[in-house]
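Please consult the sequence and the structure shown here alongside the text.

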Amino acid sequence: MKQFGWKADLRNPNLEIFIHLNDVYSVVGIPVFRVPLASRAYIKTAGLRSTIAWAMASLAEIKAGAFVLDPMCGLGTILLEAAKEWPDVYYVGADASDSQLLGACDNLKAAGLKDKIELLKVSVIELPLPSESVDIIISDIPFGKKFKLRKDIKSILQEMERVLHVGGTIVLLLSEDHHRRLQNCEQSSIPLNSDLRMTTDELGIEKCLNPGEKTSIPETVSSSSEASNQEGLDKMLPFGSLVPVECYKVSLGRTDAFIYKYRKSHSFGL
């Protein structure tokens, strides 16, 4: 500003610039659209940020014909994002809250997906499903801001583990408090793949969802990041039959969270 005599209008800028700095590299970017990417015209009542919900569904590697369950679906954002992107799938959302299910139903109607997603009023620790009947579970575990988690997170994971078939995938969004609880449940802590963190108003994922694609990051940085990620995965312990696959730290604005991806390695109870 001193050199060029520019003036910055923070309330109505011509251009918004985002810069993220850490000890390894810097990222500079500008928004492509005026409207935030998380804004979805087909969602009537917003719940979880849509970009986070889409990222979770993408990590789950949904295939046509799969049975996908969100046992704590809330307003149904995750299922909506998944059904928009991967339509040829059987989706079921469950929740114990009448108000949340009503909101989810309104969202399904507004998005034209009422026939694609089935909603059930049930408890997450008493799912009316046979053991090993679900292909994929994707869920945002309540953070305690609006809805407190009355059940122990270990009991919730055990019920999810029960209904998931061998080879199935679980993708969870957990708060930092949940992260600490899981650490206390396990014999050892579950570290992150990386210590990096993005704090944009949009998605703050630390690792590319498509690692096979080329990026503009120098090869030396990419190699060191991959080594760090692999080291973190090597130290992550299984939870029962759920073997850790990936772990990401994400930003939800003022709150940080973790996306965990697990795969079921053997039958429940063995």
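Helices (H or I, at least four residues) and strands (E, at least two) are DSSP runs, numbered from the N terminus. The model is a predicted one, in which local features need pLDDT of at least 70 and side-chain atom pairs count only at pLDDT 80 or more, while totals for chains, interfaces and linings use all residues. Residues are numbered from 1 along each chain as its sequence is written, and side-chain values use heavy atoms, with hydrogens and water left out.

**Overall composition**

The protein contains 6 helices and 9 strands. Of its 270 residues, 43% are buried, that is, under 20% relative accessible area with a 1.4 Å probe, protein chains only. Among contacts (heavy atoms within 4.5 Å) with a separation of 6 or more, 73% join residues 24 or more positions apart. The accessible surface, from the Shrake-Rupley method with a 1.4 Å probe, is about 15200 Å², and carbon and sulfur atoms hold 52% of this area.

Helix H1 (residues 50-59) is largely enclosed by the rest of the structure, because 9 of its 10 residues are buried. Just after H1, Glu61 adopts a positive phi of about 55°. Helix H2 is likewise largely enclosed, because 7 of its 9 residues are buried.

| Helix | Buried residues | Packing elements |
|---|---|---|
| H1 (50-59) | Ser50, Thr51, Ile52, Ala53, Ala55, Met56, Ala57, Ser58, Leu59 | H2 (77-85), S6 (134-140), S7 (164-175), S8 (242-251), S9 (256-264) |

**Nonpolar cores**

A nonpolar core is a set of buried Ala, Val, Leu, Ile, Met, Phe, Trp, Tyr and Cys residues joined through side-chain atoms within 4.5 Å. The largest has 32 residues, and those with the most contacts inside it are Met56, Ile62, Val68, Tyr91, Ile138, Leu173 and Ile259. At least two residues of this core come from each of H1, H2, H3, S6, S7, S8 and S9. Another core, of 26 residues, lies apart from it and includes Phe67, Ala94, Val134 and Leu174.

Key: Buried < 20%, exposed > 50% of the residue type's maximum accessible area, 1.4 Å probe, protein only.
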